[in-house]
Amino acid sequence: MSLRQTVLLVALLNLAYFGVEFAVAVAIGSVSLFADSVDFLEDASINLLIAVGLGWSIENRARLGMVLAGVILVPVAATLWTAWQKFSLPVPPQPIPLTLTGAGAFVVNLASALLLARFRHHSGSLTRAAFLSARNDVYANVAIVAAGLATAVTLSVWPDLIVGLGVAALNADAARQVVNAARAERKAVQP
């Protein structure tokens with residue numbers, strides 16, 4: 001499978017699971033699932049942009065890498081807003097849908113990370129953005145499953161809030177790494 005086919009498949013997987021996770025997040029009032037669902041939409045966008053930008057020059061791909069870093073920060077802002085709202089109404093999400101939806105997201109993100117792993121050093125910041133995003137999402141999904149289990153035991157809002165904020169921190173770090181890769185690409189082509 002080519003890089004273009006791979007990123008298009010990953011985009012489709014992410015877009016499909018965005019709908020599932022977003023619906024569950026809204027239904028049960030979960031900050032962590034909301035953050036992760038917005039992240040699925042962001043991942044679909046990144047992979048579609050990569051498919052478009054593959055034929056571009058290194059300099060233009062570096063510019064697109066900077067744009068993608070900004071796209072990665074969108075879920076961070078959305079998560080912080082959702083967490084702020086949750087502080088106002090601290091009701092824990094339903095633990096079983098939280099855990100099961102997090103487990104489904106884990107499967108989708110693990111498949112995406114495995115598909116992208118062989119391309120993570122191709123096309124510089126673009127494929128690095130896609131791989132880092134999928135890899136970070138796998139970690140986030142393990143934490144979401146753990147938050148679901150902790151919520152079942154404690155009936156507290158805190159596991160969900162903490163994981164949601166952790167997902168935001170992972171995305172912020174991924175954006176930083178993509179910016180660094182894009183800057184390195186720019187320096188490599190400058191005379």
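Visitor: What is D173 in this model: buried, exposed or partly exposed?

Guide: D173 counts as partly exposed, because its relative accessible area is 29%. Buried means under 20% relative accessible area, exposed over 50%, and partly exposed in between (1.4 Å probe, protein chains only). This is a predicted model, in which local features need pLDDT of at least 70 and side-chain atom pairs count only at pLDDT 80 or more, while totals for chains, interfaces and linings use all residues. Residues are numbered from 1 along each chain as its sequence is written, and side-chain values use heavy atoms, with hydrogens and water left out.

Visitor: Which residue meets D173 in a salt bridge?

Guide: R176, at 2.7 Å from N to O. A salt bridge here is a side-chain nitrogen of Lys or Arg within 4 Å of a carboxyl oxygen of Asp or Glu. Both residues lie in helix α6, three residues apart, about one turn of the helix. R176 is partly exposed, at 44% relative accessibility. Helices (H or I, at least four residues) and strands (E, at least two) are DSSP runs numbered from the N terminus.

Visitor: How many salt bridges are there by that rule?

Guide: Two. E59 and R63 form a salt bridge, with their closest N and O atoms 2.7 Å apart. About one helical turn separates E59 from R63, because they are four residues apart in helix α3. E59 is partly exposed at 35%, and R63 is partly exposed at 38%.

Visitor: Change of topic. Which residues have the most contacts inside the largest nonpolar core?

Guide: V7, I46, I50, L68, I72, L116 and A129, in a core of 24 residues. A nonpolar core is a set of buried Ala, Val, Leu, Ile, Met, Phe, Trp, Tyr and Cys residues joined through side-chain atoms within 4.5 Å. Two or more residues come from each of α1 (3-28), α2, α3 (58-88), α4 (95-117), α5 (125-154) and α6 (158-189). With six residues, α5 gives the most to this core. Apart from this core lies another, of 12 residues, including A25, F34, A35 and V38.

Visitor: What does A129 touch?

Guide: Not counting residues up to four places away in sequence, A129 touches I46, L68, I72 and V178. Contact means heavy atoms within 4.5 Å.

Visitor: And N47, where is that?

Guide: N47 is in helix α2 (residues 31-53). At 2% relative accessibility, N47 is buried. The N47 side chain reaches the backbone oxygen of D43 at 2.8 Å. Beyond its neighbours within four places in sequence, N47 is in contact with V7, V10, A11, L116 and A130.

Visitor: Now the surface. Which residues form the nonpolar patch?

Guide: W81, W84, F87, W158 and I162, with about 660 Å² of accessible area together. Such areas come from the Shrake-Rupley method with a 1.4 Å probe; for residues, only the protein chains shown count as cover. Patch residues have over 30% relative accessible area and no salt bridge; like charges are joined within 9 Å, nonpolar side chains (Val, Leu, Ile, Met, Phe, Trp, Tyr) within 5 Å. The largest share of the patch, three residues, comes from α3. W81 is found in helix α3, and W81 is exposed at 55%.

Note on methods:
Polar contact = N/O pair within 3.5 Å; in protein donor to acceptor, adjacent residues only side chain to side chain.
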